[in-house]
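Please look over the structure below. The report that follows covers fold, strand pairing, salt bridges, surface and confidence.

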Amino acid sequence: MEKHWKTIIETVQDVLMIVDPSGKIVAINSAAQQLTGFDSSELGGNTCRVLDCTGCNLNGIEITHWCVLFERGEVRAKNFTIKSKNKRTIHVLKSASERYDRQGEVIGAIEILTDISDSIR
């Protein structure tokens with residue numbers, strides 16, 4: 001099964017993104033490139049803030065972390081917007097979860113973004 005993970009990840013139509021605790025993008029699938037217009041070299045190594053996600057700063061809610069995901073440990077089916085490379089607003093349904101090492105320390109997160117722009121219009 002392990003040898004099939006890359007194929008499975010690339011087949012998924014939703015954006016799959018792995019970030020470290022500072023928001024640095026560690027890995028993305030091809031759906032992320034297609035949706036955002038950024039290629040993997042433009043996203044990889046940069047922070048996810050390049051996508052200008054509205055989840056980074058929730059209006060009226062004081063958070064201590066830079067992202068609501070790392071404040072709460074997970075995000076389940078929340079509506080956010082991100083910006084494409086050409087600054088187009090994309091409505092997404094985001095689910096994400098922190099990942100931990102054996103000592104229980106946060107080592108990053110896995111995010112899934114589903115484009116719901118057509119249903120918003």
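Two strands pair if DSSP finds at least two bridges between them. The model is predicted.

**Overall fold**

The protein has five helices and five strands. Along the sequence they follow the order α-β-β-α-α-α-β-β-β-α. The protein has 121 residues, and 37% of them count as buried. Take the contacts between residues at least 6 apart in sequence: 40% of these join residues at least 24 apart. The protein exposes about 7500 Å². Carbon and sulfur atoms supply 50% of that area.

**Strand pairing**

Strand S5 spans residues 106–115 and pairs with strand S1, residues 15–19. These two strands run antiparallel, joined by five bridges. Ile18 has Ile110 of S5 as its bridge partner.

S5 also pairs with strand S4, residues 89–100. Nine bridges join S4 and S5, again in antiparallel fashion. Here Leu93 is partnered by Thr114 of S5. S4 and S5 form a hairpin with five residues between the strands. In this hairpin, Gly104 takes a positive phi near 85°.

**Salt bridges**

How many salt bridges does a search of the whole structure find? It finds two.

| Lys | Glu | N to O distance |
|---|---|---|
| Lys85 | Glu42 | 2.7 Å |
| Lys94 | Glu111 | 3.2 Å |

Start with Lys85 and Glu42, which form a salt bridge. Lys85 sits in the loop between strand S3 (74–83) and S4, and Glu42 sits in helix H3 (residues 40–43), so the pair ties together parts that are 43 residues apart in sequence. Lys85 has 41% relative accessibility, so the residue counts as partly exposed. Glu42 is also partly exposed, because its relative accessible area is 25%. The buried class needs a value under 20%.

Now the second pair, Glu111 and Lys94, whose side chains meet in a salt bridge. Glu111 belongs to strand S5 and Lys94 to strand S4, so this pair ties together parts that are 17 residues apart in sequence. Are Glu111 and Lys94 buried or exposed? Both are buried.

**A nonpolar surface patch**

Which residues form a nonpolar patch on the surface? They are Ile18, Val26, Ile110 and Ile112. Together these residues have about 310 Å² of accessible area. Ile110 lies in strand S5. Ile110 counts as partly exposed because its relative accessibility is 37%.

**Confidence**

The mean pLDDT of the protein is 82. A value of 70 or more is reached by 82% of its residues. Confidence is highest in helix H2 (residues 30–36), at a mean of 94. Confidence is lowest in helix H4 (residues 68–72), at a mean of 61. Over residues 58–63 the pLDDT is below 50. Beyond near neighbours in sequence, that stretch has seven contacts in the model. Where pLDDT is low, the predicted coordinates should not be read in detail.

How values were computed:
Residues are numbered from 1 along each chain as its sequence is written. This is a predicted model: local features need pLDDT of at least 70, side-chain atom pairs count only at pLDDT 80 or more; totals for chains, interfaces and linings use all residues. Side-chain values use heavy atoms; hydrogens and water are left out. Helices (H or I, at least four residues) and strands (E, at least two) are DSSP runs, numbered from the N terminus. pLDDT is the predictor's confidence in each residue, from 0 to 100. Contact means heavy atoms within 4.5 Å. Patches are made of residues with over 30% relative accessible area and no salt bridge: like charges are joined within 9 Å, nonpolar side chains (Val, Leu, Ile, Met, Phe, Trp, Tyr) within 5 Å. Accessible areas come from the Shrake-Rupley method with a 1.4 Å probe; for residues, only the protein chains shown count as cover. A salt bridge is a side-chain nitrogen of Lys or Arg within 4 Å of a carboxyl oxygen of Asp or Glu. Buried means under 20% relative accessible area, exposed over 50%, partly exposed in between (1.4 Å probe, protein chains only).
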